[in-house]
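Please open the model in your viewer and keep the selection panel at hand. The stops below are given in the order in which they may be selected.

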Amino acid sequence: LHVLGEAGRDSGGERSVATMVYLISLQDINPAPFRVVDEINQAMDSTNERNIFTCITDACRNGGKQYFLLTPKLLPDLDYGKDTAIQLVFNGPYMERSDTFRPEIFV
């Protein structure tokens with residue numbers, strides 16, 4: 001075992017998972033109406049990304065809090081739950097044309 005963050009031995013994904021678990025654990029101690037995380041999932045593998053997303057949705061469902069997850073990618077078939085709102089913003093030269101875009105593959 002080693003201390004998390006010690007001597008840079010943790011991968012970016014490991015640091016992201018630790019950061020999100022810590023942030024979620026603070027909800028009861030340091031209440032906030034919402035939290036914003038930017039690209040926290042970029043270095044995560046798909047298993048950790050799915051697990052952290054489940055933790056976020058469970059924490060919101062149980063604590064009435066909101067998370068704003070800003071990311072250029074989301075895994076398909078995530079369990080969003082009925083109270084989850086998703087806003088998709090597309091911009092840039094590689095944006096898919098609106099007549100071929102299929103949002104159902106993300107939701």
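Throughout this tour, a residue is buried when its relative accessible area is under 20%, exposed when that area is over 50%, and partly exposed in between (1.4 Å probe, protein chains only). The model is predicted, so local features need pLDDT of at least 70 and side-chain atom pairs count only at pLDDT 80 or more, whereas totals for chains, interfaces and linings use all residues. Residues are numbered from 1 along each chain as its sequence is written, and side-chain values use heavy atoms, with hydrogens and water left out.

**Stop 1: the salt bridges**

Select glutamate 49 to begin. With a relative accessibility of 4%, glutamate 49 counts as buried. The term denotes a side-chain nitrogen of Lys or Arg within 4 Å of a carboxyl oxygen of Asp or Glu. Glutamate 49 belongs to helix α2 and lysine 73 to the segment after β2, and the pair links distant parts of the chain, 24 residues apart. Helices (H or I, at least four residues) and strands (E, at least two) are DSSP runs, numbered from the N terminus. Lysine 73 is partly exposed, its relative accessible area being 31%.

How many salt bridges does the structure hold? There are 2. For the other pair, select aspartate 58 and arginine 61, whose closest N and O atoms are 2.9 Å apart. These two residues are separated by about one helical turn, because they are 3 residues apart in helix α2. Aspartate 58 is partly exposed at 32% relative accessible area, and arginine 61 is likewise classed as partly exposed, at 48%.

**Stop 2**

Remain in helix α2, residues 46–63, and select isoleucine 52. Is isoleucine 52 buried or exposed? Isoleucine 52 is buried, with a relative accessible area of 6%. When neighbours within four places in sequence are left aside, isoleucine 52 is in contact (heavy atoms within 4.5 Å) with Val17, Met20, Val21 and Met44.

Next, move to serine 16, in helix α1 (residues 12–25). The C-alpha atoms of serine 16 and isoleucine 52 are separated by 9.5 Å, the residues being 36 apart along the chain. Serine 16 is buried, its relative accessible area being 11%. With neighbours within four places again set aside, serine 16 is in contact with Ile40, Ala43 and Met44.

**Stop 2: the aromatic pair and the nonpolar patch**

Select phenylalanine 34 and phenylalanine 68. A search of the whole structure finds 1 aromatic pair. Phenylalanine 34 and phenylalanine 68 form this pair in an edge-to-face arrangement, with 5.6 Å centre to centre and 90 degrees between the planes. Phenylalanine 34 lies in strand β1 and phenylalanine 68 in strand β2, so the pair ties together parts that are 34 residues apart in sequence. Rings of Phe, Tyr and Trp (its six-membered ring) pair if their centres lie within 6.5 Å; planes under 30 degrees apart count as stacked, over 60 as edge-to-face and the rest as tilted.

Phenylalanine 34 is partly exposed at 44% relative accessible area, and phenylalanine 68 is partly exposed at 40%.

Strands β1 (34–38) and β2 (66–70) are the elements that give two or more residues to the patch.
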